[in-house]
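User: I'd like to learn how to read a protein model step by step. Can you take me through this one?

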Amino acid sequence: MAAIDPDGMFYGDRMTALSLPARLYWPYFYVASNGFARLEINYPKLISTVFATFSEIPANNELMGFIKEYNERYLLFIYRANGQIWGQWDTSAKFLPRHKTAKDMNSPVPNGAEYEKWKSCYLASKSAQSEANSSDCNLFGNLAQDFGNSVRGIGIGIGIGIG
């Protein structure tokens with residue numbers, strides 16, 4: 001599990017730019033990531049992990065909105081690997097555990113060039129060039145649509161049903 005940098009959480013420009021719900025849910029998403037700060041973007045898995053103890057569970061489109069917001073604020077890099085969608089949090093190695101689990105080691109590594117381009121877009125967004133570079137930096141686009149189309153939902157409830 002990754003550690004949270006209090007300065008970044010309370011005073012970071014990317015965190016303070018988030019909507020209130022995305023900001024409040026962020027620690028849950030972050031600590032649900034693995035030892036490399038990677039998170040599989042899969043609605044049923046996220047609901048069963050991140051929101052397991054919540055009385056109100058966000059709908060697929062709401063959860064996807066949080067993921068998109070984290071990406072747009074340059075907190076979470078989104079990528080596809082082995083037919084799955086993953087997110088890589090932008091965090092310093094000093095906040096990650098030194099020893100990785102076998103499960104951590106099996107998580108797919110994001111494309112280095114794409115990840116670096118995404119990180120450079122954050123720096124460009126802080127400068128006067130941000131308008132010119134914004135179209136080059138929308139790396140989330142098709143993945144968001146794929147994620148929404150690939151999820152069929154999760155049934156939660158009690159009782160006897162037919163069919």
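User: Which elements do the buried residues of H3 pack against?

Analyst: To answer that, you look for heavy atoms within 4.5 Å of each other. Keep in mind that this is a predicted model. Here, the buried residues of H3 pack against four helices and strands in several parts of the chain, among them helix H1 (6–11), helix H2 (13–16) and strand S1 (38–40). Helix H4 (43–49), helix H5 (60–72) and strand S3 (84–89) also belong to that list.

User: And which residues of helix H3 are the buried ones?

Analyst: A residue counts as buried when its relative accessible area is under 20%. In H3, which spans residues 20–31, that gives Ala22, Tyr25, Trp26, Pro27, Phe29 and Tyr30.

User: Okay, let's zoom out. How many helices and strands are there, and in what order do they run?

Analyst: There are nine helices and three strands. Starting at the N terminus, the order goes α-α-α-β-α-α-β-β-α-α-α-α.

User: How do the strands line up in the sheet?

Analyst: With a sheet, you read the order of strands across it and then the direction of pairing. This one is open, with its three strands in the order S1-S3-S2 and antiparallel pairing. From one strand to the next, the twist averages 30°.

User: What packs on the sheet?

Analyst: Helix H7 (residues 112–125) does, touching S2 and S3, and its direction makes about 160° with that of S2.

User: How many bridges join S2 to S3?

Analyst: Six, and the two strands run antiparallel. You can follow individual pairs too: Ile78 stands opposite Gly87 in S3, while Ala81 has Gln84 as its bridge partner.

User: What do S2 and S3 form, and what is in the turn?

Analyst: They make a hairpin, with two residues between the strands. Asn82 sits in that turn and has a positive phi of about 55°.

User: Is S2 mostly covered or mostly open?

Analyst: Mostly covered: of the six residues in S2 (76–81), five are buried.

User: How much of the whole protein is buried?

Analyst: Of its 163 residues, 37% count as buried.

Key
Residues numbered from 1 in each chain as written. Predicted model: local features only at pLDDT ≥ 70, side-chain atom pairs only at ≥ 80, totals over all residues. Heavy atoms only, no water. Buried < 20%, exposed > 50% of the residue type's maximum accessible area, 1.4 Å probe, protein only. Pairing = 2+ DSSP bridges. Axes fitted to C-alpha atoms, helices over the stretch in contact; angles between N-to-C directions.
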